Amino acid sequence: MLIMPENQIRDEKIKQLKSGQTVYAESSELIRLIKRQIIKQQLQVVYDQTDAGCWFLPLQEKVSS
């Protein structure tokens, strides 16, 4: 079984959020790390936290035509 450091997982999930993808995390430590990084980078994200984990949904900027 491959075990990845939580900071590496956090960085990959932040990268996915920046590209507009929805991210899910189960562990409370990983959720805490992702939230802290979101605040540091001032990303526009909506949290949907449940007892099982947390969804991070990036907010898309609306483009007017």
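Biologist: Which residues of α1 are buried?
Modeller: In this predicted model, the buried residues of α1 are R10, K13, I14 and L17.

Biologist: How wide is the arc they fall within, seen down the axis of α1?
Modeller: The arc is 105°, so these residues line one face of the helix. An α-helix has 3.6 residues a turn, so residues three or four places apart point the same way.

Biologist: What do the buried residues of α1 pack against?
Modeller: They pack against β1, α2, β2 and β3.

Biologist: K13 is a lysine. Why does K13 count as buried?
Modeller: K13 has a relative accessibility of 18%, and the cut-off for buried is under 20%, so K13 counts as buried.

Biologist: Which residues is K13 in contact with, leaving aside its neighbours within four places in sequence?
Modeller: The contacts of K13 are V23, Y24, L30 and I34. Of these, L30 and I34 are also listed among the buried residues of α2.

Biologist: What span should α1 have at 1.5 Å a residue?
Modeller: The 13 residues of α1 should span 18 Å, and the end C-alpha atoms are 18 Å apart, which agrees.

Biologist: What happens to the backbone just after α1?
Modeller: G20 takes a positive phi there, of about 95°.

Biologist: Moving on to the other helix. Which residues of α2 are buried?
Modeller: The buried residues of α2 are L30, I31, L33, I34, Q37 and I38. They cover an arc of only 165° around the axis, which puts them on the same side of α2.

Biologist: Which exposed residues sit on the face turned away from that buried side?
Modeller: That face of α2 carries S28, I39 and K40.

Biologist: What do the buried residues of α2 pack against?
Modeller: Their partners are α1 (6-18), β1 (23-25), β2 (45-49) and β3 (54-58).

Biologist: Q37 is on that list of buried residues. Why does Q37 count as buried?
Modeller: Q37 counts as buried because its relative accessibility is 15%, against a cut-off of under 20%.

Biologist: Which residues is Q37 in contact with, beyond its neighbours within four places in sequence?
Modeller: Q37 is in contact with R10 and I14. Both R10 and I14 belong to the buried residues of α1.

Biologist: How far apart are the end C-alpha atoms of α2?
Modeller: They are 20 Å apart, which agrees with the 20 Å that the 14 residues of α2 (residues 28-41) should span at 1.5 Å a residue.

Biologist: Which residue takes a positive phi just after α2?
Modeller: Q42 does, with a phi of about 55°.

Biologist: Now the whole chain. What pattern does the chain follow along the sequence?
Modeller: The pattern is α-β-α-β-β, and the secondary structure comes to two helices and three strands.

Biologist: What box do the C-alpha atoms fill?
Modeller: Taken along the principal axes, the box is roughly 50 × 25 × 20 Å.

Biologist: What share of the residues counts as buried?
Modeller: Of the 65 residues of the chain, the buried share is 26%. The chain exposes about 5100 Å², and carbon and sulfur atoms supply 50% of that area.

Biologist: How many positive and negative side chains are there?
Modeller: The chain has 9 positive and 8 negative side chains, and the centres of the two sets lie 7 Å apart.

Terms used. Residues are numbered from 1 along each chain as its sequence is written. This is a predicted model: local features need pLDDT of at least 70, side-chain atom pairs count only at pLDDT 80 or more; totals for chains, interfaces and linings use all residues. Side-chain values use heavy atoms; hydrogens and water are left out. Helices (H or I, at least four residues) and strands (E, at least two) are DSSP runs, numbered from the N terminus. The expected span of a helix is 1.5 Å times one less than its number of residues. Buried means under 20% relative accessible area, exposed over 50%, partly exposed in between (1.4 Å probe, protein chains only). The arc is that of the directions from the helix axis to the C-beta atoms. Contact means heavy atoms within 4.5 Å. Accessible areas come from the Shrake-Rupley method with a 1.4 Å probe; for residues, only the protein chains shown count as cover. Lys and Arg count as positive and Asp and Glu as negative; His and the chain ends are not counted. The place of a charge is taken as NZ of Lys, CZ of Arg, CG of Asp or CD of Glu.
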